[in-house]
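Subject: Structure handover

Dear colleague,

Here is the structure I said I would pass on. My notes on it follow below.

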Amino acid sequence: MLERFAQTGEHPFLYPWWFVDAESEAGALFFDIRQNDGRNLIPFAKVDDGRGDLACFDGDDGSGNPRVLMLVLDGSDRFYNFMDFDDWLFAAKKDANGG
C-alpha cells in the first residue's frame with residue numbers, strides 16, 4: 001500500500017488524519033519538532049481530533065514498510081506506535097469511519 005501511495009500520490013479520505021506536505025510551513029515545523037525527540041522520525045501525517053499526534057516513519061527502518069512511530073504533542077504520557085504503514089492505515093481508516 002505504501003508503495004502505491006508513493007507512486008501515485010493517491011490516497012483514501014482519512015479525516016481527521018491528513019498527510020503532511022514536507023514543503024509547507026507545517027511540514028517544516030513538524031520536521032523541527034521531530035528533531036527534538038531524539039528518534040530518527042520522518043513525519044508524514046497528523047490527526048486533528050483533539051489528539052494532535054504526528055505519525056512518523058521510523059527513519060532507521062529500511063524494510064520498505066517501516067514502523068510508524070507516534071509523536072504525541074499534548075504533553076500527556078500517552079504512547080503508541082504501529083507495526084508498519086499498513087497497520088497505521090487500518091487505524092486511520094477506522095478513525096475516518098467514526099471509530
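The side chains of lysine 46 and aspartate 48 are joined by a polar contact of 2.7 Å. The model is a predicted one. The pair also qualifies as a salt bridge, with N to O at 2.7 Å. Lysine 46 sits in strand β2, residues 41–47. With a relative accessible area of 13%, lysine 46 is buried, because the cut-off for that class is under 20%. Aspartate 48, at 34% relative accessibility, is partly exposed. Setting aside residues up to four places away in sequence, lysine 46 touches Pro16, Trp17, Trp18, Val20, Phe30, Gly52, Asp53 and Leu54.

Other salt bridges

The count of salt bridges comes to 6. One of them links arginine 51 to aspartate 49, with the closest N and O atoms 2.6 Å apart. Arginine 51 is partly exposed, at a relative accessible area of 25%, and aspartate 49 is partly exposed as well, at 39%. These two belong to a network of salt bridges made up of Asp49, Arg51 and Asp95.

A further salt bridge is formed by the side chains of arginine 67 and aspartate 58, at 2.4 Å from N to O. Here arginine 67 is partly exposed, with a relative accessible area of 41%, whereas aspartate 58 is buried, with 7%.

The sheet

In what order do the 5 strands of the sheet stand? The order is β1-β2-β3-β4-β5, in an open sheet with antiparallel pairing. The edges are taken by β1 (17–19) and β5 (81–82); each has a single partner strand, so one side of each has no neighbour in the sheet.

Going through the pairs, β2 and β3 are antiparallel and share 5 bridges. Within this pair, proline 43 has cysteine 56 in β3 as its bridge partner. The two strands form a hairpin with 6 residues between them, and glycine 50 in the turn has a positive phi of about 105°. Strand β3 is joined to β4 by 4 bridges, again with the two running antiparallel. Phenylalanine 57 stands opposite valine 68 in β4. Between β4 and β5 there are 2 bridges, in the antiparallel sense, and leucine 69 stands opposite asparagine 81 in β5.

Is β3 largely enclosed or largely open? Of its 5 residues, 5 are buried, so β3 is largely enclosed by the rest of the structure.

The loop between β3 (54–58) and β4 (68–71) contains proline 66. Proline 66 is buried, at a relative accessible area of 9%. Its C-alpha atom is separated by 16 Å from that of alanine 92, which is 26 residues away along the chain.

The helices on the sheet

Helix α2 (residues 25–35) lies across β1, β2, β3 and β4, and runs at about 125° to β2. Helix α3 (residues 85–96) lies across β1, β2, β3, β4 and β5, at about 130° to β1.

In soluble globular proteins, nonpolar side chains tend to be buried together. In this model the largest nonpolar core has 14 residues, and those with the most contacts inside it are Trp17, Phe44, Ala55, Val68 and Trp88. Two or more residues each come from β2, β3, β4 and α3. The largest share is that of α3, with 4 residues.

Which residues does alanine 55 contact, leaving aside its neighbours within four places in sequence? They are Trp17, Ile42, Pro43, Phe44, Ala45, Val68, Leu69, Met70 and Trp88.

Regards

How values were computed:
Residues numbered from 1 in each chain as written. Predicted model: local features only at pLDDT ≥ 70, side-chain atom pairs only at ≥ 80, totals over all residues. Heavy atoms only, no water. Buried < 20%, exposed > 50% of the residue type's maximum accessible area, 1.4 Å probe, protein only. Polar contact = N/O pair within 3.5 Å; in protein donor to acceptor, adjacent residues only side chain to side chain. Contact = heavy atoms within 4.5 Å. Pairing = 2+ DSSP bridges. Axes fitted to C-alpha atoms, helices over the stretch in contact; angles between N-to-C directions. Core = buried A, V, L, I, M, F, W, Y, C linked by side-chain atoms within 4.5 Å. Salt bridge = Lys/Arg side-chain N within 4 Å of Asp/Glu carboxyl O.
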